[in-house]
Amino acid sequence: MRPALRILPAIGAVAAAALVGAATVGSPARAAQPLARAVLTSQGGAVIGEVAFKGAGQFANRVEVELDLPADAPGLGAYHGFHVHTVGVCESPFTSAGGHWNPTGAVHGQHAGDLPSVLVSPDGEVYAEFETHRFDVTALSDADGSAVVLHDGADNFANIPATYGPANATTLATGDAGGRYACGVVTPA
C-alpha cells in the first residue's frame, strides 16, 4: 500500500491537534471497517478507482475516507476538487449527481460534502486518506443517495482575496473546481 496523505479537513488547528492527540495518546487502536464504497468512473465509462468510507467503535462520529485512483487521473501534478454530491446517479457529464451535499445550508467550504482537494502525482496516481466529522456514513444513503465527484480543477473553498473585487457567485457556491472528471455512486459496503 502506498504511503497515505493524512488530512484533517476543516476542523481547525486546535480541533485537529485535539483529534490527533485523542487518536494517539492512550487511545486503543481502532480497526476501521468499510461502511460504504464508491467506484469512480471517468466520463468515458472507464473505472479509474475507488473511494471507501470507514469507521469503527468509539470513533463512529468520524469517518475515514480513502481515495485510491491507480491511474488515469486528470491534471498531473495538480490539485483537484473532491466532494460528496447530493444524488446517487452518475451519468456523463455527471451533472446528474446534483450539487455538493449540504444538508445544513452552509456556505461553500463548510458543506458536509466538501472534502479536501487531492493532489494527482506526476505519474497520474492519487492516494489520499483523511478523516472527517461532517457526516455519518448512513446519512449518505437517504432517498436520493449520494455520489462522490472528482473535479477537473482545484477547489478554492470560496476563498477570494479582497484584491480581486466582488465575489463571484460560482466561486462562492462551488469553489470553481471546474468540470466533473469522475463520479461514483456511494453504496453500503
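Q: Is Glu50 buried, partly exposed or exposed, going by its relative accessibility?
A: Keep in mind that this is a predicted model. Buried residues sit under 20% and exposed ones over 50%. Glu50 comes out at 31% relative accessibility, so the label for Glu50 is partly exposed.

Q: Which residue forms a salt bridge with Glu50?
A: Side chains of opposite charge can pair when their charged atoms come close. For Glu50, the closest N and O atoms of the pair are 3.3 Å apart. The two residues link distant parts of the chain, with Glu50 in strand S3 (residues 47-55) and its partner in strand S2 (residues 33-42), 13 residues apart. That partner is Arg37.

Q: What is the relative accessible area of Arg37?
A: Arg37 sits in strand S2. Arg37 counts as partly exposed because its relative accessible area is 32%.

Q: How many salt bridges does the structure hold?
A: One of them joins Glu50 and Arg37. Glu66 and Lys54 also meet through their side chains, at 2.7 Å from N to O. The total is 2 salt bridges.

Q: How many residues apart in sequence are the parts that Glu66 and Lys54 tie together?
A: These two side chains meet in a salt bridge. Glu66 belongs to strand S4 and Lys54 to strand S3, so their pairing ties together parts of the chain whose separation in sequence is 12 residues.

Q: Is Lys54 buried or exposed?
A: The cut-off for buried is under 20% relative accessible area. Glu66, its salt-bridge partner, is buried at 10% relative accessibility. Lys54 has a relative accessible area of 17%, so Lys54 is buried.

Q: Which residue forms a disulfide with Cys90?
A: The count for the structure comes to 1 disulfide. In this pair the sulfur atoms are 2.0 Å apart. Cys90 lies in the loop between S5 and strand S6 (114-119), while its partner is in strand S9 (residues 180-185), 93 residues apart. The partner is Cys183.

Q: What is the handedness of the disulfide of Cys90 and Cys183?
A: The torsion about the S-S bond is what to look at here. For Cys90 and Cys183 that torsion is about -60 degrees, so the disulfide is left-handed.

Q: Is Cys183 buried or exposed?
A: Cys90 counts as partly exposed, at 22% relative accessibility. Cys183, on the other end of the disulfide, has 1% relative accessibility, so Cys183 is buried.

Q: How far apart in space are Leu76 and Pro122, C-alpha to C-alpha?
A: Leu76 is found in the loop between strand S4 (63-69) and strand S5 (79-85). Leu76 touches several residues, including Val120, Ser121 and Pro122. Leu76 and Pro122 are 46 residues apart in sequence, yet in space their separation is 4.9 Å.

Q: Is Leu76 buried or exposed?
A: The cut-off for exposed is over 50%. Leu76 has a relative accessibility of 53%, so Leu76 is exposed.

Q: How many helices and strands does the protein chain have?
A: From the N terminus on, the elements run β-α-β-β-β-β-β-β-β-α-β-β. Counted up, that gives 2 helices and 10 strands.

Q: What share of the residues of the protein chain counts as buried?
A: The chain exposes about 9,000 Å², with carbon and sulfur atoms supplying 59% of it. Of its 189 residues, the share that counts as buried is 42%.

Conventions: Residues are numbered from 1 along each chain as its sequence is written. This is a predicted model: local features need pLDDT of at least 70, side-chain atom pairs count only at pLDDT 80 or more; totals for chains, interfaces and linings use all residues. Side-chain values use heavy atoms; hydrogens and water are left out. Helices (H or I, at least four residues) and strands (E, at least two) are DSSP runs, numbered from the N terminus. Buried means under 20% relative accessible area, exposed over 50%, partly exposed in between (1.4 Å probe, protein chains only). Contact means heavy atoms within 4.5 Å. A disulfide is a pair of cysteine sulfur atoms within 2.5 Å. A salt bridge is a side-chain nitrogen of Lys or Arg within 4 Å of a carboxyl oxygen of Asp or Glu. Accessible areas come from the Shrake-Rupley method with a 1.4 Å probe; for residues, only the protein chains shown count as cover. Lists of a residue's contacts leave out its neighbours within four places in sequence.
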